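Me: I'd like to learn how to read pockets and helices in a model like this one. Could you walk me through it?

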Amino acid sequence: MIRRRVSTRLIPLPYISKIGASTFATQAASFLQDACESSIDWNNLGFGLMETDYMYTIKCGGKDDDFKAGKLIRYGNIELSPCAGVLNYGQGLFEGIKAYRREGGGVFLFRPQENAIRMQKGAQRMCMPSPSTAQFVDAVKQTALANKRWIPPPGKGSLYIRPLLFGSGPVLGLAPASEYTFLVYASPVGNYFKEGTAPLNLYVEDEFHRATRGGAGGVKSITNYAPVLKAISRARDRGFSDVLYLDSVNKRNIEEVSSCNIFMLKGNVLSTPEINGSILEGITRKSIMDIATNLVYRVEERSITIEDVMDADEVFCTGTAVGVAPVGSITYKGNRVAYKTSTPLVSKKLYSRLVDIQTGVVEDDKGWVVEIN
Ligand SMILES: Cc1ncc(COP(=O)(O)O)c(C=O)c1O
């Protein structure tokens with residue numbers, strides 16, 4: 001797999017400002033697309049960083065300032081004060097959105113406004129100013145179009161777009177930073193798990209917790225992720241795909257997996273843990289609940305005990321990065337329960353419907369899909 005930048009034929013920056021970002025993006029994309037497509041092995045994309053051409057950035061002063069106009073700059077390292085709020089106190093959020101191509105042409109995003117709103121809610125929790133929904137969506141579009149040559153062909157993967165919001169200003173005593181940066185970069189990706197689309201084997205963690213009541217588990221704060229690395233690496237060393245976390249109060253209700261939400265099916269009832277401040281409200285979760293309701297499943301958001309999930313007919317995970325991933329087994333305190341993984345799986349049916357909406361095979365009557373070129 002090629003993980004390096006493959007072409008140096010970049011459009012010069014003065015040219016960008018002369019013709020304007022959106023015109024630039026369109027022209028740059030067609031100018032550069034061929035060079036890239038011939039150099040990347042699109043059939044073997046994993047979920048690792050492949051450096052692309054441009055990133056988007058805007059800065060803003062303290063909490064009462066607004067984000068003004070941002071700009072595309074070459075992708076590369078950024079300079080930060082050693083005393084930056086994000087480095088010292090973890091004042092930071094991220095998002096994840098995919099841009100993808102369709103058969104027959106066009107580049108699309110899925111519900112980017114939802115990511116903008118989630119970042120705004122997270123920013124309130126973390127005492128940061130945030131870009132407006134329009135600024136956020138425009139930045140994501142510009143980043144996708146400026147890196148269009150890195151968007152895989154239809155069905156081969158997508159361009160994963162990563163918006164970041166962080167305290168870039170120096171702050172020594174514990175307080176909100178004096179300056180904030182909104183930065184958007186992108187990388188082509190394929191399957192998130194090394195298992196590809198094979199069923200996941202989850203390990204139920206009862207020592208480490210992902211989040212606690214009153215903490216920041218309900219927002220996409222960077223501070224939620226490093227603490228689970230230990231649990232993930234311990235599970236992977238034992239041959240599991242990922243970790244299923246329990247609530248930190250009773251250690252009995254399931255919450256979510258390290259980077260995705262979880263669903264269980266019992267009969268015709270599809271259940272997922274309710275949003276209670278320690279679970280991230282996934283956009284894929286919300287979309288799958290909607291699709292399942294339309295396909296006449298009963299959908300419930302409720303407390304789900306570990307015993308409930310061990311007794312389910314089917315279990316699956318949802319997320320932008322993972323899509324809808326069937327779970328093949330769950331192991332809790334040495335007991336392993338295996339689930340049906342042969343078709344017809346309900347998770348497969350729900351995922352197919354989601355992909356059909358995204359790819360235009362069925363009508364998008366909810367206005368979820370945004371065309372950007
Ligand atoms: C902890 C966690 N839960 C769930 C999700 C799924 O959210 P979404 O469907 O919006 O990608 C993610 C990924 O963003 C996540 O990091």
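Predicted model: local features only at pLDDT ≥ 70, side-chain atom pairs only at ≥ 80, totals over all residues.

Me: How much space lies in the largest pocket?

Reply: Rolling a probe the size of a water molecule over the atoms shows where empty space is left. Here a pocket is an open set of points on a 1 Å grid over the protein atoms alone, where a 1.4 Å probe fits, with protein on both sides within 12 Å along at least five of seven lines; lining residues have an atom within 4 Å of a point. A volume is the space filled by probe spheres set on the points. The largest pocket holds about 1,200 Å³.

Me: Which residues lie nearest the centre of the largest pocket?

Reply: K98, N191, G323, Y351 and V355, out of 49 lining residues. The helix α9 (346-359) gives the largest share of that lining, eight residues.

Me: And where does the largest pocket lie?

Reply: Domain 2 (54-189) and domain 3 (200-359) both contribute to its lining, so the largest pocket lies between them. Those domain bounds come from an automatic or database domain assignment.

Me: What about the second largest pocket?

Reply: Its volume is about 500 Å³. The lining has 29 residues, with Y192, K220, Y225, S258 and S259 closest to the centre. Domain 2 and domain 3 each provide at least three residues of this lining.

Me: Now helices: how does the span of α4 compare with what it should be?

Reply: Helices are DSSP runs (H or I, at least four residues), numbered from the N terminus. The expected span is 1.5 Å times one less than the number of residues. For α4 (residues 112-125), 14 residues should span 20 Å, and the end C-alpha atoms are 20 Å apart, which agrees.

Me: Which residues of α4 are buried?

Reply: Buried means under 20% relative accessible area and exposed over 50% (1.4 Å probe, protein chains only). In α4, P112, N115, A116, R118, M119, G122 and A123 are buried. Seen down the axis, they fall within an arc of 165 degrees (taken from the directions from the helix axis to the C-beta atoms), so they line one face of the helix. The face turned away from that buried side carries the exposed K121 and Q124.

Definitions and conventions: Residues numbered from 1 in each chain as written. Heavy atoms only, no water. Helix = DSSP H or I, 4+ residues; strand = E, 2+ residues; numbered from the N terminus.
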